[in-house]
Amino acid sequence: MRRFNVDHLFNEIVVSCDVGYCKPHGQIFNELLRRLDLAPSHVLFVGDSYSHDIETPNSMGMRTCLVDFEGLNKNSQLEHAGKADLFLTEFSELLSSWKIA
């Protein structure tokens with residue numbers, strides 16, 4: 001988020017070292033929901049790894065966005081693109097999709 005200079009757009013950023021759990025453990029996502037005081041269906045979780053960023057939030061009822069901004073498919077995003085609510089390859093698409101996700 002800092003690399004794309006968008007960290008100021010987020011209400012909460014939960015870091016695993018602060019919570020004591022790493023993704024994909026559900027506790028880190030539960031902590032995010034607690035801090036936001038939102039139901040899972042009101043959250044769009046964005047990540048570049050299906051197994052670490054998409055699978056657990058999907059199972060919890062969050063909306064998900066799988067990204068491959070570098071176009072390298074380094075985390076096998078293409079194989080899992082249909083398993084997220086959104087699949088984006090351009091950073092600019094994230095901001096325009098944000099309103100409808």
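Biologist: Let's start with a term: buried means under 20% relative accessible area, exposed means over 50%, and partly exposed lies in between, using a 1.4 Å probe and protein chains only. What makes Glu 31 count as buried?

Modeller: Glu 31 has 13% relative accessibility, and buried means under 20%, so Glu 31 counts as buried. A word on the source: this is a predicted model, where local features need pLDDT of at least 70, side-chain atom pairs count only at pLDDT 80 or more, and totals for chains, interfaces and linings use all residues. Residues are numbered from 1 along each chain as its sequence is written, and side-chain values use heavy atoms, leaving out hydrogens and water.

Biologist: Why are Glu 31 and Arg 35 separated by about one helical turn?

Modeller: Because they are four residues apart in helix α2. Helices here are DSSP runs (H or I, at least four residues), numbered from the N terminus.

Biologist: How many salt bridges does the structure hold?

Modeller: Four. One of them joins the side chains of Asp 53 and Lys 23, at 2.5 Å from N to O. Asp 53 lies in helix α3 and Lys 23 in the loop between α1 and α2, so this pair ties together parts that are 30 residues apart in sequence.

Biologist: Is Asp 53 buried or exposed?

Modeller: Buried, because its relative accessibility is 4%. Lys 23, at 36%, counts as partly exposed.

Biologist: How do you know that Lys 74 and Glu 70 meet in a salt bridge?

Modeller: Their side chains are 3.8 Å apart, N to O, so the pair passes the salt-bridge cut-off. Glu 70 is partly exposed, at 40% relative accessibility.

Biologist: And what makes Gln 77 buried?

Modeller: Gln 77, in helix α4, has a relative accessible area of 1%, so it is buried. Leaving aside neighbours within four places in sequence, Gln 77 is in contact (heavy atoms within 4.5 Å) with residues including Asp 48, Leu 66 and Phe 87.

Key
Helix = DSSP H or I, 4+ residues; strand = E, 2+ residues; numbered from the N terminus.
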